[in-house]
Amino acid sequence: MALPYHKVNVLTGFKAAAEMKDPKPLAKVIKKASRPLLVIGPRALTVQIEGKPFIEYLVEIAKAADIPICATAHTKGKVEELEATAESTYDIMEIINHLKDPEWKGLRGQGCHDLVIFGGFRTDIGNQGLSTLKHFAPHLRTMTLCKFYYPNATFSLPNFKKDEEWKALLEGLIQELKEAQ
Amino acid sequence: MEGSKRREEIEKIIRAEEDWEPVGPTPMPHVPDLRNWDRRLLKTYKPFYAPFCDLCCLCTYGKCDLTGTNRGACGIDIASQQGRMVTIACCMGMSAHAGHAAHIIEYLIEKYGEDYPIDLGDQVNVECPNIRLVLGMKPKTLGDLKKAVEYAATELIHVLSSTHTGQEGDPVDYESKALHISMLDHVCMEAADVAQIVGFKFPTSKADTPIVDLGWGAVDKSKPVILVVGHNPACSTEVIDYLRKEGLEDKVEVCGICCTALETTRYSDKAKIVGPLSRQLFFVRTGIADVIVADEQCIRTDLTIEASKVGSVVIASSDKACRGLEEVSERPTDEVVREMVDQRKHFLILDHRKAAEVAVKAALELAPKRKAEKELMTPEQAKEAAKACKACRNCEQVCPNLLPLMEAVQKAAEGDFEGLKWCFERCIGCGKCEEACTHGVPFQRMFQSVASWETWKCRAGRGPVMDTEIRKVGAPIVLGTIPGVIAFVGCSNFPEEIDEVAEMVEEFARRKYIVVLTGCSAMVAGMRKDKDGLTVYEKFPPDFDAGGVVNIGSCVSNAHISGAGMKIANIFANLPLRANYEVIADYVLNRVGACGVAWGAMSQKAASIGTGFNRLGVPVVLGPHSSKYRRQYLSRKEEDDWTVMDGRKKELVDTQEPTPEHLCIVVESKERAMVTIAKLCMRKNDTPQGRQIKLNHYIDLHKRLIGGLPPDLHHFVRTERDIPMFFKREVLAFLKEKGWQRKPVLSLPTFIGTYPTKVPIEAVIR
């Protein structure tokens, strides 16, 4: 979108997510992070990517890069079924409330996370939560792995028209992360 | 400004010389009078902002981008801007109820005079707990209710003025103003509903109000049909009166959408509830209504346009929604009816008696002419209509509930209607899908072919909780042996199936919580039947007691829910209500295990209703759409300070116990909501027996819906005596692993004494 020269005439804010279509730079961002966190929402249970639940991709990503999982809503059971450890103390807004604080010790008690990856949320609640972090958490970066573009994230996937494109990206990301281990 | 003149004026209005209770510290308070209470509350439950918009567009300096640390041209930052927008929303919500109250009181005073007495029957002596508490007045007449609304209106001026140029500038002070105006929202709702109860002789002092028909399928479309829409029953009750007078009550169907439906069934058990706000467009598009009488608040702005599409006519009856129509109160009735019938014209008629007569006469004449316009779309027709879809996904991109509409329509074109039915059950009824469709797919009409046309049941709203009921349940609620009072309130902007509220109601009623309902949530609770064909209103008793499912009434009846909390403090604990807000709110926060649930909150009214509950110390759980309200009140259980005053020993105690954990929180799934509700019913005052019961529900729900023991369980176990027997071994092992240590158990926890206030600590002890 072109921006007007005089910024009082803009339609919306200026700060919008970088659109990430390639798994390599995404993997680079994740690998560079010291204390990443994966936050999983309930749509990851119901959304299927060509027959495979989205949550399975998310858990594979967490395993590949040793990322702690915050399982919000009622996702904990499925994460554990996939043989990953899930922290379910916090729901989506509660974890965001903690992430705002740079002094928070994080899920592993090692310090606040510097990269937070989200997947499996309604786009409306997800974008609202990301808005909080965009405005009030300059100390961290955010990434979304859902099928749709989230303007309030730091890094977002594009709006994928076809699931196969989304699947390819997620599989590519998992591969990149595994290779880095 | 507090001065002797103002004090004299207040004393005159509230008749301070009356000795029913001593006048407390804050009669008819201004914002600063309760500011310290708010700041104490928000010290624990800090405002959490999720900006819905990065910009401020409210003045000609802007637009200003407030992202991150940016400030606007006036100096405002993003947090203060959110507080400002929340304050504006609460002012809008409160003014809607204040406007409703002012209108209905004026209408009834015109009918019966200012001195018409307030009598809520032999089971309700504390007639207006909100007005008693906030103003310090014991209202006796309609004229007294008018004074309460006038006071609230003056406060509205002050609060709304603070939003000009963002002059307040501080987010917490904005929140204090939002809390103040929302407290007054409850005053206005109470004034409105008490006026309605006495003026229209709605049910009061009884629990077993009539069971009425619910659902669009309940409407007999072979008869002339009048649909009433909105919130204000002044006109709809006149319609019933006219039908009764003319002996037509069995010959004309009167049905309603949104709260006017609830109000009308409080007046006549022959009236029917079509459904919540989310079914407004759907029902109007069926063409079943011959005449639509619109009043105020939650009415579609394009009602006349939509009505014209199916040949229905609209009578606008409120000065809040004139809709550009000709006002015809002074014109002869037959002439107006003629134009409505022959030309399908819509009119504004502010004289309610006249509007009622016109509505009935027009419906009687229109019905025989409109039979073809009431034909519903068949599955075959829907299949044909679906073929217009070009799979562009425009419909999906504009859907506020993120529904997979394109796929559903594509499947319907092949004769598979499951997806369309799935979407209808989740549709919030905005109609944006049709607006976005460039190929004319008639989504809302296609829903006619998949909607269930069965009749459900709803109990008519019963108004205030009776004093006798409070006497019975006060002790078990405060001790915790009744695990909580859960209020399902608000609109129908639900994230998933329309009957999710019914599922949650059933779960908690079965667990012997007291479940109360109002508004659209009260309707949808009845839209689910069990295997025996019974709804929750037929399965559970209507009493305000353990396991009861109580339809309190419409939106304005929410004041009776906050009022019930106040009455527990007053009737059970014997604390004076009169102008004693801090003491009562402190009691409710620390000792009354109540939790509000607005699963589909949509409007500004819902924002102010919820915020009013928050100031009183009642936590509220919101559905995911409510993240767009921009603000929640959240704590951080591990990091925050949970120190309170031990009222008996008069010393500060670090309880280490986050109860209630939040004051306002958005959650995404009903499973998480149910677990959160159970958790938010815990209070520091719980006896070990009461805490055992509450923890039993919390653990059981968590195990079933999320999996395993709650990971924060150790925060809520104070001593071994709190542990439910059934889970004892498992919980003890968990506590050992967590390094749990015993916490103090207080029988009189209070915030009083922990912040600057005129209220002495002795005031909390009775």
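**Which loop of chain B holds B:Asp640?** B:Asp640 sits in the loop between β17 (631–634) and β18 (643–646) of chain B. The model is predicted: local features need pLDDT of at least 70, side-chain atom pairs count only at pLDDT 80 or more, and totals for chains, interfaces and linings use all residues. Residues are numbered from 1 along each chain as its sequence is written, while chains are lettered from A and ligands numbered from 1 in the order in which they are written.

**View 1. The loop around B:Asp640 of chain B.** Helices (H or I, at least four residues) and strands (E, at least two) are DSSP runs, numbered from the N terminus. B:Asp640 counts as partly exposed because it has 15 C-beta neighbours inside 10 Å. A residue is buried with 20 or more other C-beta atoms within 10 Å of its own, exposed with 12 or fewer, and partly exposed in between; C-beta atoms are placed from the backbone. Leaving out residues up to four places away in sequence, B:Asp640 touches B:Thr44 and B:Ser635. Contact requires C-beta atoms, placed from the backbone, within 7 Å. B:Gln656 is 16 residues from B:Asp640 in sequence and 8.8 Å away in space, C-alpha to C-alpha.

**View 2. An open sheet of three strands in chain B.** The order is β19-β18-β21, with antiparallel pairing. Strands pair if DSSP finds at least two bridges between them. At the edges lie β19 (651–654) and β21 (749–750) of chain B, each pairing on one side only. β18(B) and β21(B) run antiparallel and share two bridges. B:Asp646 has B:Pro749 in β21(B) as its bridge partner.

**View 3. Strand β6 (residues 253–257) of chain B is mostly covered.** Five of its five residues are buried. B:Glu253, B:Cys255 and B:Ile257 point one way from β6(B), and B:Val254 and B:Gly256 the other way. In a regular strand the side chains alternate between the two faces of the sheet.

**View 4. The parallel partners of β6(B).** Strand β5 (residues 225–229) of chain B pairs with β6(B) over five bridges. The chain passes from β5(B) through helix α7 (residues 234–245) of chain B to β6(B) in a right-handed β-α-β crossover. Right-handed means that, with the strands pointing away from the viewer, the path from the first strand over the helix to the second runs clockwise. Strand β7 (residues 272–275) of chain B joins β6(B) through three bridges. Here B:Cys255 stands opposite B:Lys272 in β7(B). β6(B), helix α8 (residues 259–267) of chain B and β7(B) also form a right-handed β-α-β unit.

**View 5. Domain 1 of chain B against domain 2 of chain B.** An automatic or database domain assignment sets the bounds: domain 1 (4–200), domain 2 (216–374), domain 3 (379–441) and domain 4 (456–764). Eight residues of domain 1 of chain B contact 10 residues of domain 2 of chain B. On the domain 1 side, α3 (78–112) and α6 (171–200) of chain B each supply at least two residues. The largest share, six residues, comes from α3(B). The centres of the two domains, taken over C-alpha atoms, are 33 Å apart.

**View 6. The contact between chain A and chain B.** Chain A contributes 35 residues and chain B 33 residues. On the chain A side, α4 (76–81), α5 (92–99) and α6 (123–136) of chain A each give two or more residues. α6(A) provides the largest share, eight residues.

Conventions
Two residues are in contact if their C-beta atoms, placed from the backbone, lie within 7 Å.
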